[in-house]
Amino acid sequence: MRCSSRSSVDGGVLLWTVIVMALLSLLATEVLRAVSGRFQLGLQVASWQESLIAAESGIDLAVVELRKAIQLRPGYAEAYNELGYALHQLKRYPEAIVAYKNAIQNKANYGSAYYNLGMSYLALNDRNNALEQYRILQQFDADRADRLRK
């Protein structure tokens with residue numbers, strides 16, 4: 001009798017040991033899954049940041065090339081407008097404003113340049129000058145004027 005009693009106690013301990021080990025394994029699996037998910041997210045963020053840096057480098061290159069095009073054709077309004085847009089993307093708003101004004105100077109009623117100029121003024125929180133661009137756009141490009149207003 002002594003042997004059977006001891007073997008049922010050993011069996012109960014063994015059963016609890018297996019249950020605890022199974023629970024610990026499940027817990028470890030969840031921890032590993034969470035850690036690897038965060039690791040993957042970290043890799044994605046690093047990749048996104050590298051992509052952003054590459055895109056900004058591409059915009060910088062575009063700025064250089066657009067300035068070359070303007071040197072070759074100083075009255076090239078579209079190049080000024082694209083230069084302004086590239087500078088706006090780089091958050092170089094005062095420079096973008098100068099480029100848009102040059103585009104408008106070279107091509108009267110250039111709706112895209114007026115719109116972009118208004119957007120740069122808005123980026124600088126200069127609502128008065130943005131409103132002025134809106135009013136000018138209303139005269140010849142109501143669709144862009146409406147987009148600028150929104």
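Begin with the largest nonpolar core, which has 27 residues, a nonpolar core being a set of buried Ala, Val, Leu, Ile, Met, Phe, Trp, Tyr and Cys residues joined through side-chain atoms within 4.5 Å; buried means under 20% relative accessible area with a 1.4 Å probe, protein chains only. Select V63, L83, L117 and L137, the residues with the most contacts inside this core. Then colour helix 1 (2–72), helix 2 (77–89), helix 3 (93–106), helix 4 (111–123), helix 5 (127–140) and helix 6 (142–149), each of which supplies at least two residues of the core; helices here are DSSP runs of H or I, at least four residues, numbered from the N terminus.

This is a predicted model, in which local features need pLDDT of at least 70 and side-chain atom pairs count only at pLDDT 80 or more, while totals for chains, interfaces and linings use all residues. Residues are numbered from 1 along each chain as its sequence is written, and side-chain values use heavy atoms, with hydrogens and water left out.

Next, select L117, which touches I97, Y100, K101, I104 and Q133, leaving aside residues up to four places away in sequence; contact means heavy atoms within 4.5 Å.

Now show helix 4 with helix 5, whose axes come within 8 Å and cross at roughly 160 degrees. Helix 4 is therefore roughly antiparallel to helix 5, a term for angles over 145 degrees. Among the residues making this contact are L117 and G118 of helix 4 and Q133 and L137 of helix 5.

Finally, select N81 in helix 2, which is buried at a relative accessible area of 2% and touches Y100, A103, Y110, S112, A113 and N116, again not counting residues up to four places away in sequence.

Conventions:
Buried < 20%, exposed > 50% of the residue type's maximum accessible area, 1.4 Å probe, protein only. Axes fitted to C-alpha atoms, helices over the stretch in contact; angles between N-to-C directions. Parallel < 35°, antiparallel > 145°, perpendicular 65-115°, else oblique.
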